[in-house]
Amino acid sequence: PPLETLMMHFCGEIRLNHWYRRASQWHTEPVIKHIYDILSKDEARHGGCYLKYMRRAIEQSGNEAKLAFAKVGVLMASARRTAQALHPTNLHVNKALFPNDTIQSRLPDPEWLEHWLDTQIKFDVLWETKVVDRILHNLSLLLGTEIPTVQVLNKIRKEIGREMAAETAPAAAATTETAAAPLPA
């Protein structure tokens, strides 16, 4: 679905920005530090572009876009509870090919990313918290309300879903009444 995909990629850019920032801090070689710094800033720029499309989607689709963004936001900001960071390269997308259906699983060394994050650059809970905080901050701006935790975001997601159901209920009832009305002779 396009709106969910937009949000997923936005969150991926936030995550990459932080991975590269952490890699820049970890490395001691000045040129490598500078390269990672440039990559980090480029990912932030990509995230900014996605954010513009997300604002436009909310203008055009309203609650439908808000619900999609909140739904994926809950998933992506809940990464602290999973053993593996959620990123578009390691999400499962094809049941028939599972577990070899991720981009990461098709790499020559699928374990490389986890090794790089956990052992080399030590992307720890502190850094994961920065990713989650940035996702929640941007969703706060998009949805126009303070979202300090994933739990609050989940409540907002449910409320948007209820609002959408309430909006469609009168229309569905009117359609049923019209269908049941006798046709004029």
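**Reading helix packing and the core in a predicted model**

Residues are numbered from 1 along each chain as its sequence is written, and side-chain values use heavy atoms, with hydrogens and water left out.

Trainee: How many helices and strands are in the chain?

Mentor: Helices (H or I, at least four residues) and strands (E, at least two) are DSSP runs, numbered from the N terminus. Here the chain has six helices and zero strands.

Trainee: At what angle do helix 2 and helix 3 pack?

Mentor: Axes are lines fitted to C-alpha atoms, for helices over the stretch in contact, and angles run from 0 to 180 degrees between N-to-C directions. Helix 2 (residues 30–61) and helix 3 (residues 63–77) pack at about 135 degrees, with axes 6 Å apart. Helix 2 is therefore oblique to helix 3, oblique being what is left after under 35 degrees (roughly parallel), over 145 (roughly antiparallel) and 65 to 115 (roughly perpendicular). The contact (heavy atoms within 4.5 Å) includes Met54 of helix 2 and Phe69 of helix 3.

Trainee: Which residues have the most contacts inside the largest nonpolar core?

Mentor: A nonpolar core is a set of buried Ala, Val, Leu, Ile, Met, Phe, Trp, Tyr and Cys residues joined through side-chain atoms within 4.5 Å. The largest has 41 residues, and those with the most contacts inside it are Met7, Met54, Phe69, Trp116, Ile135, Leu139 and Leu153. Helix 1 gives the most to this core, ten residues. Leaving aside neighbours within four places in sequence, Leu139 is in contact with residues including Met7, Phe69 and Leu153.

Definitions and conventions: This is a predicted model: local features need pLDDT of at least 70, side-chain atom pairs count only at pLDDT 80 or more; totals for chains, interfaces and linings use all residues. Buried means under 20% relative accessible area, exposed over 50%, partly exposed in between (1.4 Å probe, protein chains only).
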